Amino acid sequence: MKNKEDQTPAIQVLERMFSLLDVLASHQDPVSLKEISASTGLHPSTAHRILNDLTLGRFVDRPEAGSYRLGMRMLELGNLVKARLDVRDAALGPMRELHKFTLQPVNLSVRQGDEIVYIERTYSERSGMQVVRAVGGRAPLHLTSVGKLFLASDESQRVRAYATRTGLAGHTRNSLTDITALERELALIRQRGVSRDDEELELGVRCMAAGIYDDQAKLIAGLSISAPADRLEESWLQRLKDTVAQISQALGYRG
């Protein structure tokens with residue numbers, strides 16, 4: 001069992017920040033600085049300074065001078081975590097069935113900024129493929145099949161802004177590092193509804209992916225099959241589409 005010291009943040013200001021957020025979370029209405037100070041044991045000037053910094057990050061709102069409540073950034077992050085938990089719960093069973101069918105790794109990924117994050121994976125030693133990116137791993141959008149699904153759902157100016165920010169850095173000789181080539185690829189993805197990674201992230205590995213949508217018809221995740229380059233089978237494509245449709249339906253999608 002962990003002792004109390006193990007559960008205490010190493011940086012004191014973080015411990016104080018957590019206590020302030022806990023106090024705000026326990027009240028439905030805005031809380032006065034005086035009450036926050038009394039509840040946390042922090043000097044009013046210390047509490048005020050930390051709350052001001054949290055306000056700058058939109059983690060805390062100040063509806064009027066001297067009172068505070070949790071900010072919209074907390075709601076945004078909470079919804080993001082909720083969506084990930086919901087999609088993982090809905091996807092895990094169908095992912096396992098898809099893995100049984102292909103005998104290759106099946107990956108569930110979501111977008112976070114300019115990268116995708118792997119949040120679940122089903123695989124076995126029988127696939128003959130070493131899993132390089134574990135759950136929690138990240139990869140650039142333009143180098144992955146799921147990442148390209150998200151780029152394909154963006155407007156043209158947002159894709160070009162992404163290209164400017166990232167420089168479209170490549171990992172292999174197959175990587176799409178030119179904006180014109182990337183835009184052609186994204187147009188095909190919009191037309192076909194599926195995306196591919198042709199050894200663009202790792203040599204020797206190819207992927208196919210399809211999107212998962214929520215009850216608002218928003219793309220919230222992607223499911224991909226990874227395989228050694230010479231083992232990816234086109235016959236898996238329909239099963240992949242059926243699987244993401246099943247997951248999307250479980251999340252309320254009616255498209």
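Predicted model: local features only at pLDDT ≥ 70, side-chain atom pairs only at ≥ 80, totals over all residues.
Does K100 count as buried, partly exposed or exposed, and what is its relative accessibility? K100 counts as exposed, at 56% relative accessibility (buried means under 20% relative accessible area, exposed over 50%, partly exposed in between, with a 1.4 Å probe and protein chains only).

Residues are numbered from 1 along each chain as its sequence is written, and side-chain values use heavy atoms, with hydrogens and water left out.

**Salt bridges**

- The whole structure holds 13 salt bridges (a side-chain nitrogen of Lys or Arg within 4 Å of a carboxyl oxygen of Asp or Glu).
- One of them pairs R58 with E76 at 2.6 Å, N to O; R58 sits in the loop between helix 3 (44–56) and strand 2 (60–64), while E76 belongs to helix 4, 18 residues apart. Helices (H or I, at least four residues) and strands (E, at least two) are DSSP runs, numbered from the N terminus.
- E76 also meets R73 in a salt bridge, at 3.2 Å from N to O, and these two are separated by about one helical turn because they are three residues apart in helix 4.
- R58 is partly exposed at 39% relative accessible area, as are E76 at 33% and R73 at 30%.
- E97 and K100 form a salt bridge with their closest N and O atoms 3.4 Å apart; being three residues apart in helix 4, E97 and K100 are also separated by about one helical turn. E97 is partly exposed, with a relative accessible area of 42%.
- Salt bridges with shared partners join R58, R73 and E76 into one network.

- On a 1 Å grid over the protein atoms alone, a pocket is an open set of points where a 1.4 Å probe fits, with protein on both sides within 12 Å along at least five of seven lines, and lining residues have an atom within 4 Å of a point.
- Of its 23 lining residues, L80, A83, K218, L219 and I220 are the closest to the centre of the largest pocket.
- Helix 4 gives the largest share of that lining, eight residues.
- The lining of the largest pocket comprises eight nonpolar, four polar and 11 charged residues.
- The second largest pocket has a volume of about 220 Å³, and L149, G193, V194, G211 and Y213 are the closest to its centre among 14 lining residues.
- Eight nonpolar, three polar and three charged residues make up the lining of the second largest pocket.

**Loop residues**

- E199 is not a glycine, yet has a positive phi of about 55°; E199 is found in the loop between strand 7 (194–198) and strand 8 and is buried, at 18% relative accessible area.
- A217 likewise has a positive phi, near 60°, in a residue other than glycine. A217 lies in the loop between strand 8 and strand 9 and is partly exposed at 49%.
- D154, in the loop between helix 5 and helix 6 (156–166), counts as buried at 10% relative accessibility.

Note on methods. Nonpolar A, V, L, I, M, F, W, Y, C, P; charged D, E, K, R; others polar. Points joined across faces, edges and corners; volume = space filled by probe spheres on them.
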